[in-house]
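Dear colleague,

Please find below the structure that I am handing over to you. My notes on it follow directly after.

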Amino acid sequence: MSLLWTREHNRVCAELSQKWPMWTDEELYTKARKIVTGQMMNIMMAEILNLELRPEVYHHRMENIHGSGKPFELYLTMAVSNLPEKLRYSSTNLTSYSNTSQVSEAALKDSLQLMMSSKISMVVANDDSPLTEQLTKIIMSLSREQCLQGFNNYRRRLGLPAYKSFFDLTGNVKTATELEKMYGTVEKVELLTGVLAEKSSSGVLPTAKVLSNYYIVNAILTNSITTKHLWAPDTFGGVDFFNLVKTASLESTKD
C-alpha cells in the first residue's frame with residue numbers, strides 16, 4: 001500500500017506541475033501530500049466504513065469533536081491479524097498473506113484488484129491462528145502495561161450493552177468455562193481477550209470493529225484539512241484537484 005500511495009503522490013505532483021508550472025518542488029510536494037491524504041481519508045470513509053466524507057455538512061458539529069492522537073486501543077484491535085492465512089489469486093494459486101513478494105510477483109495492479117474484490121475480514125471469535133500467537137502475547141503484555149479498561153467498559157463507552165456472563169460474551173460453553181476460571185467475573189475480562197473471544201452474530205458488528213471505526217472516524221474528522229477554512233479548493237490546488245479528493249476510490253487509483 002505504501003508503494004501504491006507513493007506512486008499516486010508522484011502522479012498528482014506531475015499533474016500539479018502542469019497546472020501550476022511556477023510552483024517550487026516544495027510547494028508541489030506539500031500540495032500533493034494534502035491531496036493524497038484527502039484521497040486516503042475519503043476511501044477509508046466511503047469504501048471501508050460505508051460513510052460519506054462531507055465535512056462541509058457537519059462543520060458546525062465538529063467543534064465538539066476532539067482528536068485522540070494514536071490511541072493504543074486502535075493499535076491493539078488492528079494489530080491482531082484479521083486476514084485469512086491464504087490469499088487466493090486464482091482458482092489454483094494460493095499464497096500466504098505474510099509473503100510480501102506476492103505484490104511484485106502478481107504486479108501491483110493485480111494485488112490491488114485482489115484487495116478490491118476480496119471481502120475485508122474482521123476479528124471474530126476464534127479467528128486467531130498460530131501465525132498470530134506470538135503477536136497476541138506481545139499485545140496482551142503491552143495492554144496490561146497501559147492499564148487498559150475492561151472489555152465491558154469499552155462497550156459501554158461505545159453505547160453497546162455490556163455482557164452479563166461469559167457465555168453471553170462467547171456463545172461457547174467450553175470457552176466460557178475457561179474464561180471464568182481465569183477471570184472469575186465477566187467484568188474483569190481484558191479488552192484483547194474480549195476481542196478474540198467475542199461471539200460472532202449475523203448482522204452484528206463485533207466490538208473490535210465498532211471500536212476501530214470510532215477511532216478512525218474521529219481521527220479523520222479532526223484532521224486539519226477537514227476544518228471549515230481548509231476544506232476548500234485552494235487547499236488542494238484548485239477545483240479539479242478538490243474533486244479528485246472527493247471522488248477518490250480504490251478503482252480510481254488502479255490506473
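A charge is said to sit over a ring if NZ of Lys or CZ of Arg is within 6 Å of the ring centre and within 35 degrees of the ring normal. By that rule, the charged end of K19 sits over the ring of W20, 6.0 Å from its centre. The charged end of K246 likewise sits over a ring, that of F242, at 4.3 Å from the centre.

Please note that this is a predicted model, in which local features need pLDDT of at least 70 and side-chain atom pairs count only at pLDDT 80 or more, while totals for chains, interfaces and linings use all residues. Residues are numbered from 1 along each chain as its sequence is written, and side-chain values use heavy atoms, with hydrogens and water left out.

Aromatic pairs

Rings of Phe, Tyr and Trp (for Trp, the six-membered ring) pair if their centres lie within 6.5 Å; planes under 30 degrees apart count as stacked, over 60 as edge-to-face and the rest as tilted. The structure holds 5 such pairs. One of them joins F151 and Y163: the ring centres are 6.2 Å apart and the planes stand at 5 degrees, so this pair is stacked. Helices are DSSP runs of H or I with at least four residues, numbered from the N terminus. F151 lies in helix α8 (residues 151-157) and Y163 in the loop between α8 and α9 (166-170), so the pair ties together parts that are 12 residues apart in sequence. Both F151 and Y163 are buried, where buried means under 20% relative accessible area, exposed over 50% and partly exposed in between (1.4 Å probe, protein chains only).

Another pair is formed by W231 and F242, whose ring centres are 5.3 Å apart with planes at 80 degrees, so it is edge-to-face. Since W231 belongs to the loop between α12 (207-221) and α13 (233-236) and F242 to helix α14 (residues 239-246), this pair ties together parts 11 residues apart in sequence. W231 and F242 are both buried, and together with F236 they form one aromatic cluster.

R54 is found in the loop between α2 (25-48) and α3 (55-58) and is partly exposed, with a relative accessible area of 36%.

The surroundings of E190

E190 is placed in the loop between α10 (173-183) and α11 (191-197). E190 is buried, at a relative accessible area of 17%. Its side chain makes a polar contact of 2.6 Å with that of Y183; a polar contact is a pair of N or O atoms within 3.5 Å, and within protein one must be able to donate a hydrogen and the other to accept it, with residues adjacent in sequence counted only if both atoms are side-chain atoms. Neighbours within four places in sequence aside, E190 is in contact (heavy atoms within 4.5 Å) with M140, R144, F151 and Y183.

Helix α7

The buried residues of α7 are T136, I139, M140 and S143. Seen down the helix axis, they fall within an arc of 105 degrees (taken from the directions from the axis to the C-beta atoms), so they line one face of α7. The face turned away from this buried side carries the exposed residues Q134 and E145. Just after α7, C147 takes a positive phi of about 55 degrees.

Yours sincerely

Definitions and conventions: Helix = DSSP H or I, 4+ residues; strand = E, 2+ residues; numbered from the N terminus.
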